[in-house]
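Colleague: I'm still new to reading structures, and I'd like a close look at just one part of this one. Could you walk me through it slowly?

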Amino acid sequence: MRVNDETKMYETTKYRCLVYSKRISDDIYLRLCGVEHCIADYKFTTLERSGYHLHVILEGKGVLCVDGKEQHLHFGQMFMTKPGEDTWYKADTEDPWVYCWMAFDGNRARECAEKAGFFDGINVLDCHVDPQNFYSLVQRMLNQEELTTSSVFMRTGLLLEYIGLAIDSYADSEAEVHKSHEYHADGYVEYAANFICANFANVTISSVAKHIGIHRSYLTTIFKKRIGISPQEYLLQCRLRHACKLLSETNNPIQEIARNVGYDNPLTFSKIFKSYYGISPRTFREQQKTKSQGE
């Protein structure tokens with residue numbers, strides 16, 4: 001490891017990472033970047049790290065898990081970890097992935113993530129530009145580790161190029177999915193909302209989009225425009241409303257209620273419930289019983 005006051009470079013035969021703390025703007029700035037050739041089954045848990053970490057898969061396969069939901073990923077895809085999400089990712093046993101990444105933060109970081117298609121509930125997108133273009137930018141960043149006035153500006157420029165490539169990728173995918181749709185957007189949104197309400201325990205937003213016959217990113221765009229929240233947030237609300245009903249009206253174990261509303265892991269359910277309502281499912285049930293007895 002090589003260190004100065006504002007940069008740290010970590011290097012092994014399979015890993016290069018630059019940790020960076022110098023910024024020229026509070027709007028958007030680099031936190032770190034790197035390339036990793038993961039060993040089989042290598043797992044990384046984000047815990048409570050800050051910033052938006054945009055990874056591009058250059059080879060191989062792996063698994064990403066966000067708030068208890070797993071997705072299997074492969075070469076040619078991008079994934080983003082975001083602040084406030086319970087996230088881990090792991091390399092495949094047989095074909096472990098290689099990825100590059102840049103992590104950024106700032107007042108406009110979330111806006112940049114959404115312009116690249118990573119709205120609430122979306123952590124994985126197909127890459128519609130050459131993944132090697134992302135890799136080249138990261139390599140240039142890693143090869144210019146000295147801290148000079150010009151390098152500070154250069155790194156900011158490379159970060160913006162990296163984000164710009166992701167935005168180009170999303171724009172290309174949007175152009176493709178918007179070419180032709182048989183029905184008006186309002187019809188898709190209404191159908192999706194009804195389908196989510198009827199099947200909230202066993203659907204994902206990807207499966208909803210597939211059932212309807214449109215791209216997930218298009219569904220997210222029109223859903224947010226017409227309802228004001230993402231389909232992922234709408235699904236969450238459907239699940240939690242039904243959970244509240246079961247907690248209030250039945251004595252079913254919380255583990256069973258979690259499964260009934262779509263969460264195999266009761267700890268994940270309890271964490272999401274508390275994050276949304278500010279109290280645990282058990283406390284909610286106790287408050288409802290006290291309230292009903294008082295009436």
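Which residue of β12 does Gln-77 stand opposite? Please start there and take me through the surroundings.

Modeller: Happy to, and keep in mind that this is a predicted model. Gln-77 stands opposite Asp-126, which belongs to β12. The strand on the Gln-77 side is β9, covering residues 77–81, and β9 pairs with β12 in the antiparallel sense over three bridges. On to another partner of β9: β6 also runs antiparallel to it, and four bridges join the two. In that pairing, His-55 stands opposite Phe-79.

Now, how enclosed is β9? Five of its five residues are buried, so the strand is largely enclosed by the rest of the structure. Both of its faces are covered. On one side you'll find Gln-77, Phe-79 and Thr-81, and on the other Met-78 and Met-80, all of them buried.

Let's follow Met-78 for a moment. Skipping its neighbours within four places in sequence, Met-78 is in contact with a whole list of residues, including Leu-54, His-55 and Val-56, then Asp-126 and Cys-127, and also Phe-118, Phe-134 and Ser-169. Met-78 is also among the residues with the most contacts inside the largest nonpolar core, which has 40 residues. The largest share, eight residues, comes from α3. Apart from this core lies another one, of 36 residues, and Phe-200, Phe-223, Cys-238 and Leu-247 are among its members.

His-55 sits in strand β6, residues 52–59. Its relative accessibility is 1%, so His-55 counts as buried, the cut-off being under 20%. The side chain of His-55 makes a polar contact of 3.3 Å with the side chain of Tyr-89. A polar atom of the His-55 side chain also lies 3.3 Å from the backbone oxygen of His-53. Not counting residues up to four places away in sequence, His-55 touches, among others, Gln-77, Met-78, Phe-79 and Thr-81, plus Tyr-89, Tyr-99, Trp-101 and Tyr-162.

Some of those names come up again when you look at the rings. Tyr-15, Phe-44, Phe-79, Tyr-89, Trp-97, Tyr-99 and Trp-101 form one aromatic cluster. So Phe-79, facing His-55 across the strands, and Tyr-89, the polar partner of His-55, both belong to that cluster, which means your starting strand has a ring in it too.

Across the whole structure, a search finds 20 aromatic pairs. One of them is Phe-119 with Tyr-170: their ring centres are 6.1 Å apart and their planes are at 70°, so the pair is edge-to-face, the cut-off for that being over 60 degrees. This pair links distant parts of the chain, since Phe-119 is in the loop between α1 (109–115) and β12 (124–126), while Tyr-170 is in helix α3 (residues 149–177), 51 residues apart. Phe-119 and Tyr-170 are both buried. And there you're back at β12, the strand that pairs with β9.

Definitions and conventions:
Residues are numbered from 1 along each chain as its sequence is written. This is a predicted model: local features need pLDDT of at least 70, side-chain atom pairs count only at pLDDT 80 or more; totals for chains, interfaces and linings use all residues. Side-chain values use heavy atoms; hydrogens and water are left out. Rings of Phe, Tyr and Trp (its six-membered ring) pair if their centres lie within 6.5 Å; planes under 30 degrees apart count as stacked, over 60 as edge-to-face and the rest as tilted. Buried means under 20% relative accessible area, exposed over 50%, partly exposed in between (1.4 Å probe, protein chains only). A polar contact is a pair of N or O atoms within 3.5 Å; within protein, one must be able to donate a hydrogen and the other to accept it, and residues adjacent in sequence count only if both atoms are side-chain atoms. Contact means heavy atoms within 4.5 Å. A nonpolar core is a set of buried Ala, Val, Leu, Ile, Met, Phe, Trp, Tyr and Cys residues joined through side-chain atoms within 4.5 Å. Two strands pair if DSSP finds at least two bridges between them.
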